[in-house]
Amino acid sequence: MTMNRREFAFAGLAMAVPATASKYTIVDAQIHVYINDARYPWTPGYKNPTEDRTPAMALELMKANGVQRTVIAQFIGYHWDNRYALDSIKKYAPYFQGVCRVDPTDPAAPDQLSHLTEQGFHGVRISPSAKADGDWITGPLMPPLWKRAESLKIPMQYYAPITRIPDIVHLIEQCPDLTVVIDHMADCPIDRPQELEKLIALARYPRVFVKISHTWSISRQPYPWLDAQEYVRRLHAAYGPQRLMWASDWPVDLTWTTYDKALSVVRDDMKFLNAEDKSWILGKTVQRVWPFA
């Protein structure tokens, strides 16, 4: 992917945005990008997107909302073909960092991760389901993959249901220098608040971080999703703001809400957070895990 004159000008304008009325940098810890383009085919069995969600579109949202940097996570529709995410972060550097995917059932996954890291990715994402087809998370291929991520000094991004959180305790303990990021509060169901204790229990490991995203999807209330905010409050008490981070999860969020509300719920409507908390959750924590040039 090469940047044409219009895209180059747009990217420059997008990042000429002021640091927002707040006095801290805002960094989005996760978006996805994809395009309906034969050069980047989706995995068989996944329906091609009806609408593109490109990094240029993300830059427009960032500009409108005062977001300076963003982490692109490989979209599951491409499975292990990371080319579109890689081309995107290279084309629009330094505005994006990238997190790749590797096949966790492939014994060659650690070497694939090394290669992808050399190409420019900073992190890997795995996502076991709650069903039996996700039992690989407890299998023999996981320690080598986690140890490789540790040796590469890149974060392990873990997207799994709350019931799968205990499955990684032994992996965390085997890799004490590995940064682990739990996505979306493990999508703990709002009617099972006791289950959040599984995630809170990981706070004893100092290199575990949590994204406080998906308030909008787990909530059963209208904006500002006060029932889901209670989960954030509990995680804040356990982890502190230095290990929590905001993410929009664009464009997944569009099924429930808008990008600006995904941001404003943390920036403006979590009344239990003070300005210092927000400076960490909305920016400084992400930059600890994903350093930007």
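**Strands, helices and one threonine**

Author: Start with strands β6 (residues 180-182) and β7 (residues 208-211), which pair in the parallel sense over three bridges. Strands are DSSP E runs of at least two residues, helices are H or I runs of at least four, and both are numbered from the N terminus. Two strands pair if DSSP finds at least two bridges between them.

Reader: Which residue in β7 does Ile 182 stand opposite?
Author: Val 210.

Reader: Before I go on, what am I looking at?
Author: This is a predicted model: local features need pLDDT of at least 70, side-chain atom pairs count only at pLDDT 80 or more, and totals for chains, interfaces and linings use all residues. Residues are numbered from 1 along each chain as its sequence is written, and side-chain values use heavy atoms, leaving out hydrogens and water.

Reader: Back to the sheet. What is the strand order?
Author: β4-β5-β6-β7-β8, an open sheet of five strands with parallel pairing. β4 (124-126) and β8 (244-245) stand at the edges with a single partner strand each, so one side of each has no neighbour in the sheet.

Reader: How many helices and strands does the protein chain have?
Author: The count is 11 helices and eight strands.

Reader: Take helix α10. Which residues are buried there?
Author: Tyr 259, Ala 262, Leu 263, Ser 264, Val 265 and Val 266 are, in a helix that runs over residues 259-267. Buried means under 20% relative accessible area, with a 1.4 Å probe and protein chains only.

Reader: What covers them?
Author: The cover includes β1 (27-31), α2 (55-65), α8 (215-218), α9 (226-239) and α11.

Reader: On to Thr 285. Where does Thr 285 lie?
Author: In helix α11, residues 275-289.

Reader: Why does Thr 285 count as buried?
Author: Because its relative accessibility is 0%.

Reader: What does Thr 285 touch?
Author: Leaving out residues up to four places away in sequence, Thr 285 touches Phe 209, Pro 241, Gln 242, Arg 243, Leu 244, Met 245 and Trp 280. Contact means heavy atoms within 4.5 Å.

Reader: Now the whole chain. How much of the protein chain is buried?
Author: Buried residues are 57% of the 293.

Reader: And what does the C-alpha trace span?
Author: About 50 × 45 × 35 Å along the principal axes.

Note on methods
Buried means under 20% relative accessible area, exposed over 50%, partly exposed in between (1.4 Å probe, protein chains only).
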